[in-house]
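Load the model and keep a selection tool at hand. This tour goes stop by stop.

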Amino acid sequence: MDSALTAALAALHHDLAFLHANYGQRTQTRELAAFHALADHYCAPHRLVVEFPVLSAIGGSSLTDRSLAVREGTPEPDRIPTSYVPFRNAHLLSAATSWGEVLGASAIFVGAVWEDSSGYPDCRPEFYRAFEAVIRAGTRPETAIRIETPVIRMSKADIVRRGVELGVPFEKTWSCYQAEDAACGVCESCVLRRRGFEQAGLTDPIPYRAPQAR
């Protein structure tokens, strides 16, 4: 849902190129379907799916290692959850930068959220500012790609409200970390998503296995 709103915001002033990553995550098939559905919805003239099997081989995350349990419930302050994939967003940004340089892109839009999220270190605003410096140092002199993080300080409820204003098809999005037929409803990502819709006074359009906790 965060990336879907980010795409809608980017579409206001930019031509779109959609990038998605498969890295052995539990819901890889469902996420890929959501990616293509959103790319179709926004009529993106370019789309690219990148493969990062190394992240699965490295492990260290409950998203890629099924021997580790996906943490359920609300995020715990000052504790990075098991779903953190070590330095994943650096891999994604590297691929986006390479592709962006070929396309002649002016910006990489990232749907990272920091204020109302699980607290992944590679979602911090300072990480993206540092990576912008890496882009400047490591690309051709004529390349000028900035990183845009328009939802990074938004709450999930704000994301829902703004998304509705822009006609974001939230029914085409997927947030669950551990189920693909119907969202589990209890992992951190599901809990944050459902809370956002509830606080916005709206009904989440995707199916859930478990009723929302009260």
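What follows is a walk through helices, cores and a strand pair.

The model is predicted: local features need pLDDT of at least 70, side-chain atom pairs count only at pLDDT 80 or more, and totals for chains, interfaces and linings use all residues. Numbering starts from 1 along each chain as its sequence is written, and side-chain values use heavy atoms, with hydrogens and water left out.

**Stop 1: α4**

Select residues 88-103. This is helix α4, with 16 residues. Helices (H or I, at least four residues) and strands (E, at least two) are DSSP runs, numbered from the N terminus. From first C-alpha to last, α4 reaches 23 Å, close to the 22 Å expected at 1.5 Å a residue. That expected span is 1.5 Å times one less than the number of residues.

Now colour its buried residues (under 20% relative accessible area, 1.4 Å probe, protein chains only; exposed is over 50%, partly exposed in between). They are N89, A90, L93, A95, A96, T97, W99, G100 and E101. Show what covers them: β1 (17-22), β2 (46-51), β3 (107-109), α5 (125-138) and β4 (146-148) are included. Step past the helix end to G104, where phi is positive, near 75°.

**Stop 2: the cores**

Centre on L93. Which residues does L93 touch? Leaving out residues up to four places away in sequence, the contacts (heavy atoms within 4.5 Å) are I108, V110, F127, Y128, F131 and I147.

L93, Y128 and C176 have the most contacts inside the largest nonpolar core, which has 36 residues. Such a core is a set of buried Ala, Val, Leu, Ile, Met, Phe, Trp, Tyr and Cys residues joined through side-chain atoms within 4.5 Å. The elements giving two or more residues to this core are α4 and α5. A second, separate core has 24 residues, among them M1, L5, F18 and A39.

**Stop 3: α5**

Select α5. It has 14 residues and reaches 20 Å from first C-alpha to last, close to the expected 20 Å. Buried here are P125, F127, Y128, F131, E132 and I135. Look down the axis of α5: these residues fall within an arc of 150°, so they line one face of the helix. The arc uses directions from the helix axis to the C-beta atoms. Turn to the face away from the buried side, and find exposed R136 and A137. The cover over the buried residues of α5 includes α4, β3 and β4.

**Stop 4: β1 and β2**

Select both strands. They run parallel, joined by six bridges; pairing requires at least two DSSP bridges. A17 stands opposite H46 in β2.
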